[in-house]
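Here is a short report for a first look at this structure.

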Amino acid sequence: MQSLKNDFEAIGILFPILKSMKIPIAISALSLLVLGGLEPLFAVLMEPFLDETLIKKDPENLYVYPLLIVGLFVVKGIVEYVSKVSSQYVITAVIARLRSQLFACELRLPLLELESQTNGRLLGRVINDISQIGNVITQLWSILLKDSIMLMGLVFFLIYTSWQLSLILILGLPVIAFIVQKFGRKLRALNRILQDDFGRIAAVASESLIAVRDIKIFSGIKQRSKAFATENDKYRNNQHNLVLWQSSVVPVAQVLAAALLAPILIFASLMTSKEALTPGQFVAFLTALVMVFDPVRRLASLHALMQR
C-alpha cells in the first residue's frame with residue numbers, strides 16, 4: 001500500500017507541468033484511446049470474413065470484408081501516427097522541464113550535501129536518470145490508455161464469442177501476470193544498480209578530466225585508467241545480467257501462453273466439431289486470444305515500471 005502511495009505521489013509531481021499542455025495531452029489521450037479501441041476490430045472482422053466470404057462464398061461479401069480490413073489498418077496507421085507525434089511532443093516538453101528543475105534544485109543544495117556526492121552522480125541524475133524517466137512516462141502513458149481499452153475490448157469479444165472458453169483464459173491469465181510481475185521486480189532492481197554504476201563511471205571520468213593536469217604531473221594515468229576500467233567492467237557485467245533477465249521474459253511468457261492455449265484449442269476444436277462454434281468464430285476467438293497476451297504482459301509490469 002505504501003509503495004502504491006509513493007507511485008501516485010511520483011505521478012502527482014508531473015501535474016503542474018502538464019497543466020500548460022492541455023491540448024497536446026487531449027489529442028494524445030484521445031488518439032491512444034481510439035487506437036486501443038481499434039485493435040480488437042481485426043479479430044471481430046475475422047469471423048464474418050471467414051464465414052461469409054470463404055465458407056459460404058457469398059459474392060456480395062467477397063470484396064467487402066477485405067476492404068474493411070484494409071481500411072481498418074489505414075485508419076490505425078493514421079491514428080497511431082497522431083498518437084506518437086502528440087505523445088512525443090508532450091514527453092519531450094515534460095523531460096525538458098524536469099531536467100531544468102532538477103538542475104536548479106541541485107544548484108540550490110547546501111554545500112555539504114553537494115560535497116557528499118560525486119560530480120558524476122549529480123551529472124548522471126540530470127542526464128541519465130531524467131532520460132529514463134522519459135522512457136518510463138512514454139510507456140506508462142500508452143499502457144494506461146491504449147492497453148486498458150484494448151484489453152477490455154478483447155475480453156468482451158472473447159466472452160461474447162464463447163464464454164466457456166473464456167473461463168479457461170480468466171483462470172490462467174492471473175498466473176501469467178503474477179510471474180511476469182516477478183520478472184518486472186527483478187528487472188527494476190537491476191536497472192537501479194545500473195543507474196548507480198553509471199554514476200560511478202561518470203564520476204571517475206569527470207574527476208579525471210577536471211584534474212588531468214595533476215594526473216599527468218604525478219604520473220597517475222595508470223591509476224585513473226585502472227579505476228575507470230574497474231567501474232566500466234562492473235557496469236558491463238551488470239548490463240549483461242540485465243540482458244539475460246530481459247531476454248528470458250519473452251520465452252517464459254511464450255511457454256506459459258502455450259500452456260494456456262493448449263486446453264483452449266482442444267475445447268475449441270471439440271466445440272467446432274459439434275458445430276457449437278463456426279470456423280469463423282474459432283479463428284476470431286484464437287486471433288483475439290493471441291492478441292490478449294501483449295496488453296496483459298504490459299499491464300502486469302505496470303507497477304515495476306513505475307518503480308524504476
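## A loop residue: Thr278

Thr278 sits in the loop between helix 10 (221–273) and helix 11 (279–300). Helices here are DSSP runs of H or I with at least four residues, and strands are runs of E with at least two, numbered from the N terminus. Thr278 has 31% relative accessibility, so it counts as partly exposed. The scale is this: buried means under 20% relative accessible area, exposed means over 50%, and partly exposed lies in between, with a 1.4 Å probe and protein chains only. Thr278 and Ile55 are 223 residues apart in sequence, yet their C-alpha atoms are 9.7 Å apart in space.

## About the model

This is a predicted model, in which local features need pLDDT of at least 70, side-chain atom pairs count only at pLDDT 80 or more, and totals for chains, interfaces and linings use all residues. Residues are numbered from 1 along each chain as its sequence is written, and side-chain values use heavy atoms, with hydrogens and water left out.

Ser162 is found in the loop between helix 7 (119–161) and helix 8 (163–210). Its relative accessibility is 2%, so Ser162 counts as buried. What does Ser162 contact, leaving aside neighbours within four places in sequence? Its partners are Met271, Leu277 and Phe285. Contact means heavy atoms within 4.5 Å.

## Helix 8 and helix 10

The axes of helix 8 and helix 10 come within 9 Å and cross at roughly 170°. That makes the two helices roughly antiparallel. Axes are lines fitted to C-alpha atoms, for helices over the stretch in contact, and angles run from 0 to 180 degrees between N-to-C directions. Angles under 35 degrees count as roughly parallel, over 145 as roughly antiparallel, 65 to 115 as roughly perpendicular and the rest as oblique. The contact of helix 8 with helix 10 has 30 nonpolar, 10 polar and 7 charged residues. Here Ala, Val, Leu, Ile, Met, Phe, Trp, Tyr, Cys and Pro count as nonpolar, Asp, Glu, Lys and Arg as charged, and the others, Gly among them, as polar.

Val252 lies in helix 10. It is partly exposed, at 29% relative accessible area. Beyond its neighbours within four places in sequence, Val252 is in contact with Ile179 and Phe183. Val252 and Ile179 are 73 residues apart along the chain, and their C-alpha atoms are separated by 9.0 Å.

## Helix 5 and its partners

Helix 4 (residues 41–55) and helix 5 (residues 64–107) have axes that come within 9 Å and cross at roughly 165°. They are therefore roughly antiparallel. Their crossing is left-handed, a term for a near helix turned anticlockwise from the far one by less than a right angle (right-handed if clockwise). The contact of helix 4 with helix 5 has 11 nonpolar, 1 polar and 1 charged residues.

Helix 3 (residues 22–38) also packs with helix 5, at an angle of about 145° and with the axes 8 Å apart. This crossing is left-handed. The contact of helix 3 with helix 5 divides into 13 nonpolar, 5 polar and 2 charged residues.

## The aromatic pair

The structure holds 1 aromatic pair. Phe42 and Phe73 form it edge-to-face, 5.6 Å centre to centre with 70° between the planes. Rings of Phe, Tyr and Trp (its six-membered ring) pair if their centres lie within 6.5 Å; planes under 30 degrees apart count as stacked, over 60 as edge-to-face and the rest as tilted. Phe42 is in helix 4 and Phe73 in helix 5, so the pair ties together parts 31 residues apart in sequence.
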